[in-house]
Amino acid sequence: MKQQLLRLIAAHVCLHVCMAGTRMAAPLLALREGHSPVAVGVLLALFALAQVFLALPAGRYADRHGLRRPVGWAVLVAMLGAGAAAAWPAFGVLCFAALLTGGATGAASIAVQRQAGVLATNPTELKQVFSWLAIGPALSNFAGPFGAGLLIDHGGFRLAFAVLALVPLLSWWWVRSQQAPARAAPSATAAAGPGAWDLMREPPFRRLMIVNWLLASCWDVHTFLVPVLGHERGMSASAIGAVLGGFALAATAVRVLMPLLAAHLREAVVVSGAMVATALLFGVYPLAHSALAMGGLSVLLGVALGSVQPMIMSTLHQITPSHRHGEALGLRLMAINGSSVLMPLLFGSAGVVVGTAGVFWVAGAAVGLGARLPLRR
């Protein structure tokens, strides 16, 4: 199991690096070319737009075909998106790259997460497996932005996009020998064709989706506003990448520790505590004016938000039927990315009206008010 899990983590990292680096470089290039924060919000929203429409079909596709075929398609699509940005880094092409790299990474993540769930045999192993798996995006959220920032400062945006376009090839290297699990028997509901929305009728699943949406929105706030704040304060691309990278490293560190403590962690308590901590940190974040202060708060926020995904994924696999894990994962991804499409547009518009501080405080208040939801049975 350990070898299979390591390969899954490596494959996830390589695809996510492409998307995370593009997500940092594309809005920064748009800002440097004089586009408004609203336009940057549109650009960032496109990273999630394709996932809204692909998530459920990708989940069903993973239920039918396992791992390798979905990841193979994702590699090709991600390379096309980042490669297009390297060849012609105009704003319209950056939007195209956002759609392709975001959609490819989302579809591949469903297949990877489904495969990881197959490896676990009990709730403790679920928490361990998803804690280790969650290291992948956290690590790539450091390597992607930080590496892209260095490449931009030393070789320009085209070099950064070109390197990012090659990284997904490594994902196929890691999964090429992975055996797909046996196909799950379709449920009667799925066979009848009404879709996955009946899962939302279950109160535990519905509450889990609301909590996941609140926390994903906070992640989006941070990803969107750090480049805006850094640009306003004259920070270099490397400094902005380092602030985002500190968040990712902290999220990685807490996820490294979580498998060791999995038997002693309660999913609801961890998630609720993370929501309270996020609300407090968002209250302070706009008051930080230096890269060092922003970096410190970014690290603390990374610890809080980094602890959440393994607990949510473990809970999701416990409250949904095994033959519908792909659908449930797809529905989760569609819900949070539907928010990610709308939220950057809202952040950009709200930032013009109330400023970046107001966006941080509103998001912090919302997640704080929702902190009791995970504790409800």
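Reader: Which residues touch the most other members of the largest nonpolar core?

Author: In this predicted model, they are Val71, Phe161, Leu215, Met275 and Met294, in a core of 118 residues. Helix α1 (residues 2–32) contributes the largest share, 17 residues.

Reader: What does leucine 215 touch, leaving aside residues up to four places away in sequence?

Author: Leucine 215 is in contact with Val271, Met275, Leu305, Val308, Ile312 and Val367.

Reader: Turning to the rings, how many aromatic pairs are there?

Author: The count is four. In one of them, phenylalanine 142 and phenylalanine 146 have ring centres 5.2 Å apart and planes at 15°.

Reader: Why is that pair called stacked?

Author: The planes of phenylalanine 142 and phenylalanine 146 stand at 15°, and planes under 30 degrees apart count as stacked. Both residues belong to helix α5 (residues 123–155), four residues apart, hence about one helical turn.

Reader: What are the relative accessible areas of phenylalanine 142 and phenylalanine 146?

Author: Phenylalanine 142 is partly exposed at 22%, and phenylalanine 146 is partly exposed at 29%. Another stacked pair is tyrosine 285 with phenylalanine 360, at 5.0 Å centre to centre and 10° between the planes.

Reader: Where do tyrosine 285 and phenylalanine 360 lie in the chain?

Author: Tyrosine 285 is in the loop between α11 (267–284) and α12 (291–306), while phenylalanine 360 is in helix α14 (residues 325–369); the pair links distant parts of the chain, 75 residues apart.

Reader: Is tyrosine 285 buried or exposed?

Author: Tyrosine 285 is buried, at 0% relative accessibility. Phenylalanine 360 is buried, with a relative accessible area of 0%.

Reader: Which residues do ring pairs link into a cluster?

Author: Phe282, Tyr285 and Phe360.

Reader: And what lies over the face of tryptophan 173?

Author: Arginine 176 does, at 3.7 Å from the ring centre.

Note on methods
Residues are numbered from 1 along each chain as its sequence is written. This is a predicted model: local features need pLDDT of at least 70, side-chain atom pairs count only at pLDDT 80 or more; totals for chains, interfaces and linings use all residues. Side-chain values use heavy atoms; hydrogens and water are left out. A nonpolar core is a set of buried Ala, Val, Leu, Ile, Met, Phe, Trp, Tyr and Cys residues joined through side-chain atoms within 4.5 Å. Buried means under 20% relative accessible area, exposed over 50%, partly exposed in between (1.4 Å probe, protein chains only). Helices (H or I, at least four residues) and strands (E, at least two) are DSSP runs, numbered from the N terminus. Contact means heavy atoms within 4.5 Å. Rings of Phe, Tyr and Trp (its six-membered ring) pair if their centres lie within 6.5 Å; planes under 30 degrees apart count as stacked, over 60 as edge-to-face and the rest as tilted. A charge sits over a ring if NZ of Lys or CZ of Arg is within 6 Å of the ring centre and within 35 degrees of the ring normal.
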